[in-house]
Amino acid sequence: MTARPRGELRVFESPQAVAAALADIFVAEARSAIEARGSFFVALAGGRTPQAAYALLAGAECRDAVDWPRAFIYFGDERCVPPESDDSNYKMALDSFLSKVPIPPRNVHCMHGEDEPARAARAYAQVLVETMGEVPRFDLMLLGMGEDGHTASLFPGTDPRTDEDQLVRAVLAEARDPHRLTLTPLVINNSRHVTIAVEGASKAQALRAVREGTYDPFKYPAQIVSPHDGELTWLADKAAAEALTG
Ligand code: 6PG
């Protein structure tokens, strides 16, 4: 079965334009959630792509536009490394913006990559349940996509659909990578709004396969992202979108 294009695709001239659009979505969703429910729950993406958007959030324009004490920060995935490691998604977010905006430290819930993976996954699932309820519903879930079509730390070859009841999974990655921790599709697809930001020509073939190819989330885990009661927005620069036909 050929996958239906899932979600809105917005193509931008440059990575800088993608970053600006992502920061705008963050601010807009924060305002909307806080106005509607008094708080904003967001799960951050790791890796390189979101860093420019995070830097914009620390800039004067965005920094003062978010009611940070009412924002609650979580992570979509984490590498199993100490928080001071340059590979840590938490450290990347802290350095990019969390240390530069007036958000109370208690509002930031990092995954403990320094702990034994299975125990860290159970502990984070407990934090989600205690702070957000039995099946957490994020106002905004920020994701990226790898050249192999992975998202968060849902990698090809591990069927992402196997977590019907797990909220957080320990991913014992291949030798080349540290182990990972990741939110499962159960949580990701319960979000009100999911964004997937993709940049660069190296992602073009994977983006085409994910959006236009046969539906096979075992091979392309990003295809599993389909919020059952929410929005999905893909943000891509021209280079990443160059192979798309639709
Ligand atoms: C991570 C991310 C991962 C990332 C993709 C894209 O921990 O690295 O969660 O899923 O979003 O690998 O990474 P880049 O943005 O660095 O290309």
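User: How many residues surround the ligand, and which are the closest?

Analyst: In this predicted model, the ligand is surrounded by 15 residues. The closest are Thr49, Asp77, Arg79, His150 and Ala152.

User: And by class, what is in that shell?

Analyst: The shell around the ligand holds 8 polar residues, 5 charged residues and 2 nonpolar residues.

User: What does the side chain of Arg79 do there, in terms of distance to the ligand?

Analyst: An N or O atom in the Arg79 side chain is 2.7 Å from an oxygen atom of the ligand.

User: Which part of Ala152 faces an oxygen atom of the ligand, backbone or side chain?

Analyst: For Ala152 the atom concerned is a polar backbone atom, 2.6 Å from an oxygen atom of the ligand.

User: And Lys203, how many Å from the ligand?

Analyst: Lys203 has a polar side-chain atom 2.8 Å from a ligand oxygen atom. As for cover, the ligand on its own has 410 Å² of accessible area, and the protein covers 88% of that.

User: Changing topic: which pocket does the ligand take up?

Analyst: The ligand takes the space of the largest pocket. The volume of this pocket is about 430 Å³.

User: How many residues line the largest pocket, and which lie nearest its centre?

Analyst: The lining of the largest pocket consists of 27 residues. Nearest the centre lie Gly46, Gly47, Met145, Gly146 and His150. The elements giving two or more residues to this lining are β4 (77-79), β5 (140-144) and β8 (193-198).

User: Which element gives the largest share of that lining?

Analyst: That is β5, with 3 residues.

User: How does the lining of the largest pocket divide by class?

Analyst: The lining has 9 nonpolar, 9 polar and 9 charged residues. The shell around the ligand, by contrast, has 2 nonpolar, 8 polar and 5 charged.

How values were computed: Residues are numbered from 1 along each chain as its sequence is written. This is a predicted model: local features need pLDDT of at least 70, side-chain atom pairs count only at pLDDT 80 or more; totals for chains, interfaces and linings use all residues. Side-chain values use heavy atoms; hydrogens and water are left out. A residue is near a molecule or strand if one of its heavy atoms lies within 4 Å of it. A polar contact is a pair of N or O atoms within 3.5 Å; within protein, one must be able to donate a hydrogen and the other to accept it, and residues adjacent in sequence count only if both atoms are side-chain atoms. Accessible areas come from the Shrake-Rupley method with a 1.4 Å probe; for residues, only the protein chains shown count as cover. On a 1 Å grid over the protein atoms alone, a cavity is a set of points where a 1.4 Å probe fits but cannot get out, and a pocket is an open set with protein on both sides within 12 Å along at least five of seven lines; lining residues have an atom within 4 Å of a point. A molecule sits in a cavity or pocket if more than half of its atoms lie within 2 Å of its grid points. Ala, Val, Leu, Ile, Met, Phe, Trp, Tyr, Cys and Pro count as nonpolar, Asp, Glu, Lys and Arg as charged, and the others, Gly among them, as polar. Grid points are joined across faces, edges and corners, and a volume is the space filled by probe spheres set on the points. Helices (H or I, at least four residues) and strands (E, at least two) are DSSP runs, numbered from the N terminus.
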